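Trainee: I would like to learn how to read a protein model feature by feature. Could you take me through one slowly?

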Amino acid sequence: MEVWNYVNGHWITIGSWTLDHLWLIFVSNSLAVFIGVSLGIFIAGKGREEVADTVLYLAGIMMTIPSLALFGLLMPLLTALNLPSIGFLPAVIALILYGQLPILRNTYTAIREVDPAMIEAGRGMGMTPRQILFKIKLPLAVPIIMAGLRNAVVINIGIATIAVFIGARGLGVPIFRGLRTSRMDMIITGAIFVSILALLADGLLALAEKLFTPEGLKK
Amino acid sequence: MIKLQDVKKIYPDGTKAVKGVTFEVKEGELCVLLGPSGCGKTTTMKMINRLIPITEGDIYIDGTNNKEMDENELRREMGYAIQEIGLFPHMTVEENISTVPKLKKWSAEESEERSRKLLDLMGMDPDEFIDKYPTELSGGQRQRVGVARSLGADPPIMLMDEPFGAIDPITRDRLQDEFLKIQEEIKKTIVFVTHDINEAIKMGDKVALLKDGELIQYAPPAELLAAPKNRFVRDFVGSDRTLKSLRLMRVEEAMKQSPRVVREDDDLEDVKRTMETNEINYLIVVETGNRLKGWINKEDAEGVDSGRVADAMVADTGSAQIGTSLAEALTVMLEKDVANLPVVDEANKLQGLLTFHDLQKLIGETYTERGGRHPEV
């Protein structure tokens, strides 16, 4: 009841936090996809097995760093680079890093696991490495890359709430404030909205995954 | 025409996969590269379209050294079919077949027309299959689409690496027959890799038998069977090579022409007398137009006292049509338990007579190692 009252009285504020949260997720995950897929394609290249192992290992380690600590570690680094060390930028950077493992690993695995017979056939018919990548490997990898992105987004929607500690806006704000002022209604409101967002994003991306899966792979 | 001149493949670790192979595939000829696994047959084939770089030696495609051509252009001029087929699952049958046409920037209409034509050639209904995906096809259909794709841009040369290797023996047999028929029509220059001696004999105009990276014998299949160059070839073609060579020879090559015949309404007594005086116990019965009716033998005729030939004739003789292999003819003989088989044409007109005795003689000849008669192909 208290929660409902709170929500009812603060529609606009909650709405703006939600939008901030979404914007943070959108920016960070768009960049994460771009970086993760490019890097994934790169390390899936021939003769780069060792590079791939290292990169995937590092991305794995990244996931083990507690988010709060990562935000803390980014601050001196960004200060040294003369960049804003609090607010949107460090939050985006941290979320990109957290999103890397699922996207990178899925891209890498998907490309590595394309049936060698198809690549052999492609080469034998005179397709250039580029054509093989864009016409065979990537279309076949898309569903798996999408699954990785979905994973990353859902993880990041949760982690983004913590970004409030370094001054980023979003649904972490009511939780953070609620904690400081012992306002259970604010904490629960924040938590509920984060959950709803995560569920919605998961559903939407699952739909997108289906949409992007090439027709021939569905049958 | 494809010409290999002292072609070698030596890997950085010193492994010699191909040790100086020289041979020539004439235009319109199907050349089978045959040998046990690890003999270098696939490596040799892949050096033709430079999927594997040549270490030493030269390969000429219609007189041009393939090293001087752009590797992708080179490959687009050669059809490529492999055992695993490697159809692209995210593309329709048409998109798969149009792979090379698209690379060569054919228009959409041209590509589609070509795909339809190729499906038709493969015995698949274009309207039914053109928009299907590979997962919706059976193994045999996929194999056919794989071959259709390799013919996509109508290349003059085709490289086929065990293209019928991944299917059940019955379907394989049918696909081989179909492909031979297609080849008669399209007359491509083909390099065909297999480890299956029976496939090699069936498909090849010429067979190149390789062992440990060396070309041991390069000959038409019949010669390979009749005159194996050494022990390895003899062992590889198998102890049943005579039976195999029967598969290669046609009945018309072994039959007696214009055998003695009688007619149904001939007088039985006359016929019996003819058999007696000529010491023959078997006569073919024909009707108007020299069409096969049946046969009459001495024993049966003896039991019938008088009348006409028809009274003592056996109608179901079994027969072999012109073009049938001797192996098939032999099977019919064994099934029907007869020692004589009339040979007829499509209209059931008598062309000759194949006797078990002739077959025996032929088998004896192929078994003679040296100086024996080699059946011509």
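Trainee: Where is B:D212 found?

Mentor: B:D212 is found in the loop between strand 9 (206–211) and strand 10 (214–219) of chain B, where strands (E, at least two residues) and helices (H or I, at least four) are DSSP runs numbered from the N terminus. This is a predicted model, in which local features need pLDDT of at least 70 and side-chain atom pairs count only at pLDDT 80 or more, while totals for chains, interfaces and linings use all residues. Residues are numbered from 1 along each chain as its sequence is written, and chains are lettered from A and ligands numbered from 1 in the order in which they are written.

Trainee: What is the phi of B:D212?

Mentor: Most residues other than glycine have a negative phi. Phi of B:D212, however, is near 45°, a positive value in a residue other than glycine. A:N82 also has a positive phi, near 65°, and its place is in the loop between helix 4 (67–80) and helix 5 (88–112) of chain A.

Trainee: Is A:N82 buried or exposed?

Mentor: A residue is buried if 20 or more other C-beta atoms, placed from the backbone, lie within 10 Å of its own, exposed if 12 or fewer, and partly exposed in between. A:N82 counts as exposed because it has 7 C-beta neighbours inside 10 Å, and B:D212, with 15 other C-beta atoms within 10 Å, is partly exposed. Of the 219 residues of chain A, 40% count as buried.

Trainee: How many helices and strands are there in chain A, and how should I describe two packed helices?

Mentor: There are 10 helices and 0 strands in chain A. Two packed helices are described by the angle between their axes and the distance between the axes. Axes are lines fitted to C-alpha atoms, for helices over the stretch in contact, and angles run from 0 to 180 degrees between N-to-C directions. Helix 7 (residues 129–159) of chain A packs with helix 9 (residues 184–212) of chain A at an angle of about 175°, with the axes 9 Å apart.

Trainee: Which word describes how helix 7 of chain A and helix 9 of chain A lie to each other?

Mentor: Angles under 35 degrees count as roughly parallel, over 145 as roughly antiparallel, 65 to 115 as roughly perpendicular and the rest as oblique. Helix 7 and helix 9 of chain A are therefore roughly antiparallel to each other. By contrast, the axes of helix 2 (residues 11–43) and helix 9 of chain A come within 11 Å and cross at roughly 45°, and these two helices are therefore oblique to each other.

Trainee: Which residues meet where helix 2 of chain A faces helix 9 of chain A?

Mentor: Two residues are in contact if their C-beta atoms, placed from the backbone, lie within 7 Å. A:I14, A:T18 and A:H21 in helix 2 of chain A meet A:T189, A:F193 and A:L197 in helix 9 of chain A.

Trainee: What order do the strands of the open sheet in chain B have?

Mentor: Two strands pair if DSSP finds at least two bridges between them. The open sheet of 4 strands in chain B has the order 2-1-4-5, with antiparallel pairing. Strand 2 (16–25) and strand 5 (64–65) of chain B stand at the edges, each with a single partner strand, so one side of each is left without a neighbour in the sheet. Strand 1 (residues 2–10) and strand 2 of chain B pair over 7 bridges, and B:K9 has B:V18 in strand 2 as its bridge partner.
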